[in-house]
Amino acid sequence: MSQATLGIRRISGHAGPAPGEDVERAEQVCKLIDTTTCIGCKACEVACLEWNGYTFTDTVFDNSYQTMPETAWNYWNLIKFNEHEREDGSITLLMRKDQCMHCADPGCLAACPADGAIVQYTNGIVDFQQANCIGCGYCVTGCPFDIPKFNPATKKMFKCTLCVDRVSEGLEPACIKSCPTGCLHFGSKDDMKGLAETRATQLRENFGFAKAGVYDPAGVGGTGVIYVLHDVTNPEAYGGLPKDPRIPLLVRLWKGPVKWLGGWSMFFGVLGVAIHYLRYGPKIPQDGHDNRDDSAPGHRDEGVKP
Amino acid sequence: MELSRRTFLRGALAGGAGFSLLGFDLTPAVAQLKELKIVRATETRSTCPYCSVSCGVLIYTIGDKAKNVTPQVIHVEGDPDHPINRGTLCPKGASLEQDILNPRRLLKPQVRRPGSDHWEDIAWTQALDEIAHWVKKTRDDTFIEKDAQGHTVNRCEGMAWIGGCTDTNEFNYLVVKTMRSLGLTYIENQARV
């Protein structure tokens with residue numbers, strides 16, 4: 001087995017913060033997907049499968065160029081093809097590479113109850129540790145992008161790892177490397193944001209896409225995968241990209257105030273019981289045979305002697 | 001209150017043990033990674049066999065070419081130093097590993113006879129003999145010495161040659177020499193780009 005490890009910033013289901021979360025400074029890695037130059041060739045899909053050792057499985061044909069309806073536990077990277085009607089009535093295909101967004105504030109990690117099953121490395125990559133996964137599927141509830149998928153055979157959850165095995169060794173993810181049109185970019189988050197803004201400005205000023213912009217939703221703290229969209233005001237047109245993704249309120253409450261309240265109420269409950277015991281002593285049964293006046297506490301058995 | 005050295009040490013130890021029990025651990029948290037499957041694998045440069053773009057690929061095989069190792073392909077990806085593709089690949093090129101490691105890969109010559117509906121296995125010697133026989137017969141039947149105007153042309157229009165993108169300059173030179181000597185005019189070798 002590999003001895004390679006990577007520092008962690010967040011751990012799922014862990015009491016308190018991740019130890020040493022701030023001792024290591026790492027460059028935040030980021031993928032930039034320029035949907036305006038994607039030709040839908042699916043080289044990224046194939047490269048992803050090849051690198052991660054999966055093979056094609058049976059799929060369904062639904063009158064689209066899309067490989068399958070949605071990503072699967074063994075198919076982490078899917079180009080979503082969406083027919084879109086322009087304002088002048090003509091039809092265009094909007095193509096978007098769908099995969100884990102590697103949120104800075106990951107909903108899957110927040111919802112996960114298993115200690116160490118979901119981690120966020122110091123470079124920002126969110127990864128599942130299948131050895132610790134209990135297969136409960138709560139991460140699906142927490143994810144606003146519907147990314148974690150369940151493998152019924154091993155009862156574990158799987159998703160894109162942003163090729164953490166490659167990135168930790170200084171390589172780029174497999175999908176990024178393959179892209180023949182150069183619509184996929186990889187680098188530090190700052191560089192990718194700069195590149196994305198440059199491209200969006202270019203689209204607005206020179207190509208007539210007045211609403212072109214960068215998709216880097218603040219609701220999940222920004223993402224490790226950012227898009228350049230022709231129309232950033234309508235991301236839903238790109239195969240259901242949520243306009244303002246957030247971790248569901250129930251997950252927030254459940255893992256935030258409710259968990260906190262529960263913890264403290266348990267603490268004060270035990271404390272209360274202990275104080276009560278010290279103040280009033282143990283409870284003494286009061287049945288008909290109890291001769292309370294004659295029996296001191298701790299000798300109550302004498303009272304029921306025949 | 002009198003605090004002796006002994007009491008102080010005892011208290012410090014008990015406190016430390018208690019904190020450790022309660023899960024206070026200042027060792028930075030790390031997680032084990034999936035190993036990079038191409039570490040120390042042999043990297044071989046090659047050319048994608050599909051179209052005439054001729055993208056450069058890196059083929060990774062297990063082992064370091066030591067004498068006792070049988071290399072097997074474990075991964076194929078684009079060659080970042082190749083001037084044509086600079087590391088990128090199309091979906092067909094990206095699936096080259098499955099082209100090499102494939103149970104349906106053709107490993108011996110096969111023939112489909114005229115009128116037959118299936119392929120049958122054939123020995124290499126027999127295949128070469130039959131190809132030579134049909135080349136000779138086709139050339140004899142279709143060779144044209146003079147055209148309608150009486151010009152000497154010496155050409156053979158009954159055959160054509162198709163090459164692949166991995167054919168080298170030297171190989172293509174020999175192909176053209178051989179095929180032209182037979183009188184072929186329809187020669188395609190993907191070297192037009």
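## Two domains in chain B

Chain B of this predicted model is split by the domain assignment into domain 1, covering 42–100, and domain 2, covering 110–188. How far apart are the centres of these two domains, taken over C-alpha atoms? The answer is 31 Å.

## The β7-β8-β9 sheet of chain B

Now for a sheet in chain B. Three strands make up an open sheet here, in the order β7-β8-β9, and the pairing is mixed. The edges belong to β7 (143–146) and β9 (184–188) of chain B; each has a single partner strand, so one side of each has no neighbour in the sheet. On average, and ignoring direction, neighbouring strands of this sheet are turned by 25 degrees against each other.

Let's look at one pairing in there. Strand β8 (residues 152–162) of chain B runs parallel to β9(B), and the two are joined over four bridges.

Helix α4 (residues 124–142) of chain B lies across β7 and β8 of chain B, and runs at about 145 degrees to β8(B). Helix α5 (residues 169–182) of chain B lies across β8 and β9 of chain B instead, running at about 150 degrees to β9(B).

## Where the chains meet

What does each chain bring to the contact between A and B? On one side there are 31 residues of chain A, and they are in contact with 23 residues of chain B. On the chain A side, the elements giving two or more residues are β1 (5–11), α1 (43–52), α4 (164–167) and α5 (174–178). Which of them gives the most? That would be β1(A), with five residues. Sorted by class, this side of chain A has 17 nonpolar, seven polar and seven charged residues.

β1(A) also pairs with a strand from the other chain: strand β1 (residues 30–32) of chain B, in the antiparallel sense and over three bridges. To spot this pairing, go to A:L6, which has B:A31 in β1(B) as its bridge partner. As a reminder, strands of a sheet pair through backbone hydrogen bonds, either parallel or antiparallel.

## A hairpin in chain A

Back within chain A, strand β3 (residues 78–85) and strand β4 (residues 91–98) pair in the antiparallel sense over eight bridges. A:E85 stands opposite A:I91 in β4(A). Five residues sit between the strands of this hairpin, and A:G89 takes a positive phi near 90 degrees.

Definitions and conventions:
Residues numbered from 1 in each chain as written. Chains lettered and ligands numbered in written order. Predicted model: local features only at pLDDT ≥ 70, side-chain atom pairs only at ≥ 80, totals over all residues. Pairing = 2+ DSSP bridges. Domains from an automatic or database assignment. Contact = placed C-beta atoms within 7 Å. Nonpolar A, V, L, I, M, F, W, Y, C, P; charged D, E, K, R; others polar. Axes fitted to C-alpha atoms, helices over the stretch in contact; angles between N-to-C directions.
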